[in-house]
Amino acid sequence: MGRSQVSTGQNCMALLIHLGQSQTKRYFHMTNETPEQEQTDGFNLVIDALKLNDIDTIYALPGIPITDLTRKAQAAGIRMISFRHEQHAGNAAAAAGFLTQKPGICLTVSAPGFLNGLTALTNATTNCFPMILISGSSEREIVDLQQGDYEEMDQLAIAKPLCKAAFRVLHAEDIGVGIARAIRSALSGRPGGVYLDLPAKLFSQTMEAEAGKRSLIKVIDPAPRQIPAADAVKRALDLLKGAKRPLIVLGKGAAYAQADADIRALVEKSGIPYLPMSMAKGLLPDTHEQSAAATRSYVLAEADVVMLVGARLNWLLSHGKGKTWGTPSSTKFIQIDISPTEMDSNVPISAPLVGDIGSCVSALLGGIGSDWAKPPAEWLQAIGERKDKNMAKMAATLALNPAIMNFHSALNVVRNVVKANPEAVVVNEGANTLDFTRSIVDMYLPRKRLDVGTWGIMGIGMGFAVAAAVTTGKPVIAIEGDSAFGFSGMEVETICRYNLPICIVVFNNNGIYKGTDVNPLGGDVAPTVFVKNARYEMMMQAFGGVGVVANTPAELAKAMEEAVASGRPTLINAIIDETAGTESGRITSLNPQSAAKKK
Ligand code: OXK
Ligand code: ADP
Ligand code: MG
C-alpha cells in the first residue's frame with residue numbers, strides 16, 4: 001500500500017465495528033454495505049510491533065497524545081506500569097533492559113514528559129543499558145515553523161546527541177521499521193538508549209490490516225555474537241601467561257552479558273584473583289576465595305597485568321593511571337569489550353579483545369588447558385593476608401553495637417538479610433549509604449545489585465526497584481540515603497498500586513552526608529540538612545503499605561525480615577546517627593575543596 005492511500009482517522013468516512021478481541025477493526029462505507037478491507041491504525045501497529053518483538057511491559061506516564069496507547073496496550077496484554085514522574089519510568093525501563101537483555105520501553109507525553117524521560121535515556125546510554133524512550137510529539141508542520149503548538153518541541157533534534165540513536169516515524173506503514181530499528185540500535189554492539197519519536201497524528205492514521213501486518217518486522221538476532229579474532233585471543237593469553245601479579249576486573253558489562261558460567265569458569269580455571277565493580281558483585285559470590293574486593297587498593301596498585309571484562313577505565317578506575325595504579329604505573333592491560341573504540345581511551349591497551357563477552361570468555365577458556373600455571377603463590381598469599389586482615393577489621397566494626405545506630409550496625413543487619421535471601425535484588429543509592437553498602441553487603445548471585453552506575457546519579461532508586469520487582473518477581477531491597485530517596489520518593493504510591501514486593505530502607509541521618517551542618521549566619525538551615533526526625537515511613541502508610549521506624553538493629557532486622565517474607569510494600573525509616581557519614585563518602589577527593597587543599 002502506498003503512502004497516498006493512508007488516510008487519517010478523522011477523514012475516514014467509515015463506521016467502526018469492533019470485532020471481538022481482535023486488535024484490528026473493520027470499516028464499512030455508510031453509503032454502500034460492501035465490506036472494505038480490514039483496517040488497522042497507528043495505535044494498533046505500535047502495539048503489534050512491540051508484541052511481535054516480545055515486549056511484554058511498558059513503563060509509562062499517560063497524557064496527550066499517548067493516553068489511549070497506554071489503554072490499548074494494556075487491553076492487548078502488555079503490562080503497563082504507570083508512574084508518577086517520567087524520569088522514574090525511564091529509569092525502570094533502563095534497569096529492565098540491563099536485567100533482561102531486552103530493551104526496556106519508557107512511554108511519555110511530548111515536550112516536558114519527553115525531557116523528564118530524557119535524563120533516564122541518557123543515563124541508560126552512559127551505563128550501556130538497552131532502553132527505548134518512546135514519546136508522543138506535537139504537529140510536525142507547526143513545530144517546524146515554530147508556530148507555538150501545544151507542548152511544541154523538536155524532540156528528535158534534542159534527543160539525538162544524548163542517546164545512541166534517534167528515529168521518527170511519520171507514516172503508519174513505517175511503524176514496523178521504526179520499532180525494528182530502535183530495538184536493533186538499543187541491543188546490538190554496545191547497548192544503549194534509543195529515542196523513538198511518534199507524532200500525535202501517526203496514531204490515528206489507518207491502513208489495510210493485511211498490509212499493516214506485513215509491514216511489521218520481527219527482529220532476528222538483535223545482538224549478534226561478535227567473535228574475537230584468534231590472534232587477539234592469543235595475544236591476550238600470552239600476556240596473561242607471562243604475568244606475575246595478574247588481576248581480573250569484572251564490570252557491569254560482564255554482568256549484562258549473561259555469560260555467568262563461563263566467566264566463573266575462566267576465573268576459577270585461571271586461578272587469577274578478581275575484583276568486581278559494584279554492579280558486577282555477585283557474578284561470582286562475594287565470599288569467593290579469589291575475590292580481592294577486600295583489598296582493592298592493594299591489588300590495583302600492585303597488579304602487573306589487568307584483564308578488564310566489561311569494565312571501562314573511567315573515573316571509577318582512576319582512568320588506569322595515577323597513584324591508584326602505583327607510580328610510575330607499569331600495569332599492562334587486556335580489555336574485553338564489544339566496543340572497539342573503548343580501547344586506549346585512557347591508557348594504552350596491550351591486548352585489546354574486541355567481541356561479545358560470552359564469545360571472548362569462551363575463546364579464552366579454550367586456551368586454558370590442564371597445563372595452565374596458576375599465578376605465583378607469593379601474589380596470592382600477599383592478597384590473602386591483606387584480605388584476611390581487612391575482613392577481620394570489618395567484622396570487628398560490624399560487631400559493634402553503638403547506642404545510636406550507624407551505617408555499620410544497620411548494614412550488618414542488611415548484610416544478614418541479603419545472605420538469607422540471595423535471590424533478592426538490592427537497589428542502592430546515596431553517598432555514604434552507597435559506599436558502605438557496596439563494601440559491607442555481600443552479593444551471591446549475578447545481576448542482583450543495581451546502583452548509581454557510571455554517573456553516580458541520584459534518583460534511580462524507585463524506578464530501578466520497580467523494574468527489578470516486575471522483571472524478576474523476587475523481593476527487592478532498596479537501601480536508600482535519605483537524600484537519595486527524596487529524588488524518587490513519590491513512586492511509593494506506584495509501588496503500593498502494583499503491590500510490589502519492595503522493602504525500602506531509608507538511612508535517615510537528617511541530611512546529605514550528615515545532619516549536623518549549621519548556617520553560620522543563622523536564619524535558614526544549612527543547604528545540606530533536612531527536617532529533623534522526618535517520618536518517611538508515613539509516606540508508605542499514606543498509600544496502604546507498611547511503614548516502620550527502626551531505632552535499633554533488632555528493630556531493623558525484624559522489619560526487614562517481615563517485609564521480605566510478606567512481600568508487602570514496606571518502608572523502614574532507619575534512624576542513623578546524624579553525625580555519622582563523611583562528605584561525598586569515599587569520593588571526597590572529587591570535591592573541589594579537597595582538590596584545592598591537595599595543591
Ligand atoms: C571492600 N573492602 C572490604 C570489603 N569490601 N573490606 C573488608 N571486607 C570487605 N568485604 C574494602 C576495600 O578493600 C576498600 O579498602 C574499601 O573497603 C572500599 O571498597 P570499595 O570496593 O567500595 O572501594 P572504593 O575505593 O570505594 O572504590 C572506588 C570507587 C567507589 C570509585 C569504585 O568509591 C565507587 O564506586 N564510588 C561510587 C561513588 C558514587 O557514585 N557516589 C554517588 C555520588 S555521591 P582499600 O583500603 O582496599 O581501599 C555524590 O553525589 O556529590 O557526594 C556527592
Ligand atoms: P563498570 O562501571 O561496572 O566498570 P562499565 O559500564 O564501565 O562497567 O563498562 C561496561 C562495558 O561493557 C562497556 O564498555 C560496554 O561496551 C561493555 N559491554 C556491555 N555489554 C557487553 C557485551 N555483551 N559484550 C562485551 N562488552 C560489553
Ligand atoms: Mg543522609
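Which residues does K252 touch, not counting residues up to four places away in sequence? In this predicted model, the contacts made by K252 are with F98, N127, F129, M279, A280, G310, R312 and T454. K252 is placed in helix α11, which spans residues 252-256. With a relative accessible area of 16%, K252 is classed as buried, because the limit for a buried residue is under 20%. The C-alpha atom of K252 is separated by 10.0 Å from that of P446, a residue 194 places away along the chain.

Ligand 2 taken alone exposes 570 Å², of which the protein buries 96%.

T126 is located in helix α4, which covers residues 111-127. The relative accessible area of T126 is 18%, and T126 is therefore buried, given that the class is defined as under 20%. Within the chain, a polar atom of the side chain of T126 lies 2.9 Å from the backbone oxygen of T122.

The surroundings of ligand 1 comprise 23 residues, the closest of which are S297, R438, Y513, S584 and R586. Several polar contacts to ligand 1 involve the backbone. A polar backbone atom of A293 is 3.1 Å from an oxygen atom of ligand 1, a backbone N or O atom of A294 lies 3.0 Å from an oxygen atom of the ligand, and for R296 a backbone N or O atom is found 3.1 Å from an oxygen atom of ligand 1. Taken alone, ligand 1 exposes 1,000 Å², and the protein buries 78% of that area. Two or more residues of the shell around ligand 1 are given by each of the elements α13 (296-302), α15 (377-399) and α17 (432-440), and α17 gives the most, with 4 residues. The shell around ligand 1 divides by class into 12 nonpolar, 7 polar and 4 charged residues.

Helix α2, formed by residues 67-75, has L69, T70 and A73 as buried residues. These residues lie on the same side of α2, because they cover an arc of only 100° around the helix axis. An α-helix has 3.6 residues a turn, so residues three or four places apart point the same way. The buried residues of α2 pack against α1 (42-52), β4 (57-60), β5 (79-82), β6 (104-108) and α8 (200-204), whereas the face of α2 turned away from this buried side carries R71 and A75, which are exposed. Helix α2 is followed by G77, a residue with a positive phi, near 100°.

A further buried position is found in a loop. P228 is located in the loop between α9 (209-215) and α10 (230-241). The relative accessible area of P228 is 9%, so P228 counts as buried under the 20% limit. Leaving aside neighbours within four places in sequence, P228 is in contact with V233, L353, V354, S359, C360 and A363. For one of these residues, L353, the C-alpha atom is separated by 6.4 Å from that of P228, although the two residues are 125 residues apart along the chain.

Definitions and conventions. Residues numbered from 1 in each chain as written. Chains lettered and ligands numbered in written order. Predicted model: local features only at pLDDT ≥ 70, side-chain atom pairs only at ≥ 80, totals over all residues. Heavy atoms only, no water. Buried < 20%, exposed > 50% of the residue type's maximum accessible area, 1.4 Å probe, protein only. Arc of directions from axis to C-beta. Contact = heavy atoms within 4.5 Å. Near = heavy atom within 4 Å. Polar contact = N/O pair within 3.5 Å; in protein donor to acceptor, adjacent residues only side chain to side chain. Areas by Shrake-Rupley, 256 points an atom, 1.4 Å probe, with all protein chains shown as cover. Nonpolar A, V, L, I, M, F, W, Y, C, P; charged D, E, K, R; others polar.
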